[in-house]
Amino acid sequence: MVRRSATGRIGIADVAVKAGVSHATVSRVMNGNFTVDPDIASRVRAAAAELKYQPNPVGRSLALGKTDTIGIVVPDLANPTFQAILRGLSRAAAQDGYRVLIADSFEVSSEETILAGEARRRCDGLVLCAPRMSDSELEEIAPSLHPLVLINRTTAAADVPSLVVDYGQGVQDLAEHLVDLGHTRLAFLSGPPRSASNGMRLQGLEAFKAAHPQVDVRMLEGGSDFDTGHEAVDAVLESGATGILAFNDLVAMGLMSGLHERGLHVPGDISVTGFDDIPFARYTTPALTTAAVPITELGEQAWHQLRALIRKEENDAPGSRYQPRLQVRNSSGPAKAPRSTVHG
């Protein structure tokens with residue numbers, strides 16, 4: 001006779017009694033241990049099916065020392081770029097039977113270390129996507145998060161693959177495109193100050209300015225979302241720039257919306273470029289010129305790198321560098337005569 005536990009749940013002991021085997025034998029069969037005699041294993045599975053036994057996932061994880069779950073920490077899940085990375089990661093991991101736990105730091109860098117530690121304790125490995133924490137914080141915490149993969153950051157910690165987009169070259173390509181159209185006054189709407197990719201863009205623009213001393217490049221405060229682009233209209237108009245390099249596509253879209261509200265035409269009055277090539281970029285009016293990044297591929301590759309670490313497999317390519325591709329659409333066009341600077 002099967003005796004249910006106090007909670008009414010069929011347990012491993014019930015299956016053992018039904019099959020006439022030990023608890024350990026049931027455990028080995030349920031965990032996929034193929035050293036058990038096939039006939040005994042078949043008897044155990046038949047007993048489990050008859051009793052409608054469902055293994056306790058927590059207990060199974062403790063027994064195996066693995067959760068079949070990985071974590072990812074992102075700075076802003078509302079950003080379509082991070083959504084696409086997550087999509088690539090989740091789909092690739094699912095093919096290997098892994099689920100993904102998501103933690104959003106909401107652009108609060110002080111939360112990242114806490115979130116990363118908590119996520120790692122619940123998972124078999126972790127992906128830190130564009131973390132905003134300082135270099136010193138990252139170097140300190142990275143060893144405790146292993147197995148760990150970084151997206152758009154690097155660390156000196158051993159066995160931590162990094163997947164990095166060359167944002168510096170990407171922003172230079174966009175600036176070159178605007179110069180080829182006759183623009184000599186550009187403005188860069190910068191991203192979050194703690195964003196490493198923003199730092200790479202700034203370095204790229206410094207290189208661009210050194211190679212093009214005749215071009216005036218203004219640095220303006222911005223952000224990473226639609227609202228910051230929309231709110232930057234006054235600063236953009238006051239800069240006198242005819243070509244704008246936005247931190248990302250969302251900022252560019254917000255700016256174009258604000259310019260439209262002021263009665264300005266893009267690109268007739270001012271050209272606007274974005275970065276990332278999120279799915280919406282081609283559907284804006286006008287369609288957005290941007291630097292396309294293989295966003296979904298970043299997520300897929302992050303899983304492949306993390307899987308190799310979890311399984312302790314040889315990894316011939318620990319990390320990758322991705323080159324953005326200039327995607328010219330209708331939001332950039334020939335420069336008009338420079339506008340005079342507006343003084344309030």
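Reader: What is the handedness of the crossing of H8 and H9?

Author: Two packed helices are described by the angle between their axes and the distance between the axes. A crossing counts as right-handed if the near helix is turned clockwise from the far one by less than a right angle, and left-handed if anticlockwise; in this predicted model, the crossing of H8 and H9 is right-handed. The axes (lines fitted to C-alpha atoms over the stretch in contact, with angles from 0 to 180 degrees between N-to-C directions) of H8, residues 167-180, and H9, residues 196-211, come within 7 Å and cross at roughly 45°. That makes H8 oblique to H9, since angles under 35 degrees count as roughly parallel, over 145 as roughly antiparallel, 65 to 115 as roughly perpendicular and the rest as oblique. The contact (heavy atoms within 4.5 Å) involves residues including Val 171 and Ala 175 of H8 and Gly 204 and Leu 205 of H9.

Reader: Which residues touch the most other members of the largest nonpolar core?

Author: In soluble globular proteins, nonpolar side chains tend to be buried together. A nonpolar core is a set of buried Ala, Val, Leu, Ile, Met, Phe, Trp, Tyr and Cys residues joined through side-chain atoms within 4.5 Å, where buried means under 20% relative accessible area with a 1.4 Å probe, protein chains only. The largest has 44 residues, of which Leu 186, Leu 245 and Trp 303 touch the most other members. Apart from it lies another core of 23 residues, among them Ile 244 and Leu 288.

Reader: Which elements do the buried residues of H6 pack against?

Author: They pack against strands S1 (69-74), S2 (99-104) and S3 (126-129) and helix H7 (135-141); among the buried residues of H6 are Leu 115 and Ala 119. Helices (H or I, at least four residues) and strands (E, at least two) are DSSP runs, numbered from the N terminus.

Author: Residues are numbered from 1 along each chain as its sequence is written, and side-chain values use heavy atoms, with hydrogens and water left out. Because the model is predicted, local features need pLDDT of at least 70 and side-chain atom pairs count only at pLDDT 80 or more, while totals for chains, interfaces and linings use all residues.

Conventions: Buried < 20%, exposed > 50% of the residue type's maximum accessible area, 1.4 Å probe, protein only.
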